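The sequence and the structure come first.

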Amino acid sequence: MIKWAGWIITLCGTAHTLGALTVEKAAHHAGTWFSGGLWHEDLADMSPAGSAYWLSLDSFGIPLVLIGLTVLWLDRRGITPPAFIAWTLGVWTVVDAVILPFTPWLLFVLACALLLTGIRRARRGDATPRAGLPRA
């Protein structure tokens with residue numbers, strides 16, 4: 001369950017970032033980004049290049065990839081991830097679902113539920129550890 005949660009989180013973060021760069025064509029603004037074109041950007045009145053940057057490279061996508069990979073890394077070593085990861089992502093998901101109901105928030109609810117269930121099972125000792133990697 002923990003491994004599935006980690007993969008769901010990682011894949012959603014990757015899909016968001018790559019989708020923004022390619023499908024939404026945010027990468028077309030890279031020249032502006034790397035030439036200092038956003039240095040004096042006003043967040044209240046963003047340019048298309050600024051919006052594209054916040055949608056892609058400076059969005060939640062990359063941190064989600066890091067969270068998902070961390071969950072997978074911990075799982076591979078037989079370490080139970082801390083529950084605060086699932087709870088924090090869960091609260092963030094609820095806020096996102098209220099503000100933007102047409103996002104894939106259901107995938108994150110699934111990932112949080114899998115992660116919390118896996119964590120509880122591991123703490124109870126119900127999880128079957130892989131050979132050579134006992135759960136603590």
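## Packing of H5 and H6

In this predicted model, H5 packs with helix H6 (residues 105-124) at an angle of about 160 degrees, and their axes are 9 Å apart. Because angles over 145 degrees count as roughly antiparallel, H5 is roughly antiparallel to H6. The crossing in which H5 passes H6 is left-handed.

On the H5 side, the contact is made by Ala83, Ile85, Ala86, Trp87, Leu89, Gly90, Thr93, Asp96 and Ala97. H6 contributes Trp105, Phe108, Val109, Cys112, Leu115, Leu116, Ile119, Arg120 and Arg123. Sorted by class, the residues in the contact of H5 with H6 are 13 nonpolar, two polar and three charged.

## The largest pocket

The space in the largest pocket comes to about 390 Å³. Two elements give two or more residues each to the lining of this pocket: helix H1 (2-22) and helix H5 (83-99). The largest share of the lining is that of H5, with six residues.

In total, 15 residues line the largest pocket, and those nearest its centre are His16, Phe60, Asp96, Thr103 and Phe108. The lining of the largest pocket has eleven nonpolar residues, three polar ones and one charged one.

## Residues in both places

Two residues link the two descriptions. Asp96 of H5 and Phe108 of H6 take part in the contact between these helices, and Asp96 and Phe108 are also among the lining residues nearest the centre of the largest pocket.

Methods. Residues numbered from 1 in each chain as written. Predicted model: local features only at pLDDT ≥ 70, side-chain atom pairs only at ≥ 80, totals over all residues. Heavy atoms only, no water. 1 Å grid on protein atoms, 1.4 Å probe; cavity = no way out; pocket = protein on both sides within 12 Å on 5 of 7 lines; lining within 4 Å. Points joined across faces, edges and corners; volume = space filled by probe spheres on them. Helix = DSSP H or I, 4+ residues; strand = E, 2+ residues; numbered from the N terminus. Nonpolar A, V, L, I, M, F, W, Y, C, P; charged D, E, K, R; others polar. Axes fitted to C-alpha atoms, helices over the stretch in contact; angles between N-to-C directions. Parallel < 35°, antiparallel > 145°, perpendicular 65-115°, else oblique. Left-handed = near helix turned anticlockwise from the far one by under 90°. Contact = heavy atoms within 4.5 Å.
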